[in-house]
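Keep the structure viewer open while you read.

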Amino acid sequence: MSVHAPVLDLTSGGDPFGTAVLEAWKAGPRLGLFHEIIERDDGLITVNDIYRYFAPFEEWGPLEQQLCERAAQRVLDVGCGPGRHATHLLAQGHEVLGIEPSPGAATVARERGVNVLTDSVESIEPALGTFDTILLGGQNLGLLGSREKAGGVLRRLASLTKPGGALLGVSIDPYTLTSDCNRAYRDKNRAMGHLPGQQRLRIRDGAVSTSWFDYLFVSATELEELLNGTRWQLHELIPHGKQYLAHLVRS
């Protein structure tokens, strides 16, 4: 799992993801030194190596590679982190604007040559202009958040996309997560009226954490239902293990 929190709890003094990314950048990114800790509200803990955000293109998984290979012309990289996708796309000649809510991660991306706004997907405005491609890499299709929030996010992104433009997003099919704790979590979501793959998460670094936020994993069928009335249509879905790449086209 790889996520970027859309809202930071700065009153607690923290930007845990940004702190870990900055430390890794200053030390020189290497495997095994710095980690991202993601806590789910049922107590499940996921630990990711920060190196993944700096790994070169040839070390990426096939879906992340295809994500960038399908990107065209002017790209909006939503949840760009320290610029993993954006730096590669810039090297390929694309115009790229990154959106990143973590100040620390945004700082690193800028130092790597990326034009970044420190903002969240809920706050981006039409003044940014229009884009040919919207990128939601690193499982950031999860920024749709919930059934209630997804339509608004998709319509906002459609307003920033040229007709015929693409939204390229990677996610996990929640029904491929078959452990007892994940089955129980899906059952709890159903009982609460949520989509089964909705996650309630926060990112931690020592005693510092973000506020809790919603992150959404959906199946292909659920994704198509969420697209209704948003001007997006599912063009292609490419599965790989528990993940998939969704290629949407804006009407």
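Is K188 buried, partly exposed or exposed? At 32% relative accessibility, K188 counts as partly exposed, where buried means under 20% relative accessible area, exposed over 50%, and partly exposed in between (1.4 Å probe, protein chains only).

## Ground rules

This is a predicted model, where local features need pLDDT of at least 70, side-chain atom pairs count only at pLDDT 80 or more, and totals for chains, interfaces and linings use all residues. Residues are numbered from 1 along each chain as its sequence is written, and side-chain values use heavy atoms, with hydrogens and water left out.

## The sheet

Start with an open sheet of 7 strands, in the order β5-β4-β3-β6-β7-β12-β11 and with mixed pairing. Strands here are DSSP runs (E, at least two residues), and helices are runs of H or I with at least four, numbered from the N terminus. Two strands pair if DSSP finds at least two bridges between them. In general, strands of a sheet pair through backbone hydrogen bonds, either parallel or antiparallel.

The edges belong to β5 (115-117) and β11 (232-240); each has a single partner strand, so one side of each is left without a neighbour in the sheet. From one strand to the next, the twist averages 20°; axes are lines fitted to C-alpha atoms, for helices over the stretch in contact, and angles run from 0 to 180 degrees between N-to-C directions.

## Around β7

Strand β7 (residues 161-172) pairs with β6 (residues 131-136) in the parallel sense, over 5 bridges. I134 has L167 in β7 as its bridge partner. Helix α5 (residues 147-159) lies across β3 (74-78), β6, β7, β11 and β12 (243-250), and runs at about 140° to β7. Contact means heavy atoms within 4.5 Å.

S171 also sits in β7, and it is buried, with a relative accessible area of 0%. Leaving aside residues up to four places away in sequence, S171 touches several residues, including Q139, L141, F217 and Y244.

## Helix α6

At 1.5 Å a residue, the 12 residues of α6 (residues 180-191) should span 16 Å, and the 17 Å between its end C-alpha atoms agrees. The expected span is 1.5 Å times one less than the number of residues.

N182, Y185, R186 and N189 are the buried residues of α6. They cover an arc of only 100° around the axis, which puts them on the same side of α6; the arc is that of the directions from the helix axis to the C-beta atoms. Their cover includes β1 (35-40) and β8 (198-205), while D180 and A191 are exposed on the other side of α6. After α6 comes G193, whose phi is positive, near 85°.

## Salt bridges

The structure holds 10 salt bridges, each being a side-chain nitrogen of Lys or Arg within 4 Å of a carboxyl oxygen of Asp or Glu. Back to K188: it forms one with D41, the closest N and O atoms being 3.6 Å apart. K188 lies in helix α6 and D41 in the loop between β1 and β2 (45-49), so the pair ties together parts that are 147 residues apart in sequence. D41 is partly exposed, with a relative accessible area of 38%.

D42 pairs with R40, at 2.8 Å between the closest N and O atoms. Here D42 counts as partly exposed at 36% relative accessibility, whereas R40 is buried at 2%. Elsewhere, E39, R202 and R204 are linked in a network of salt bridges.
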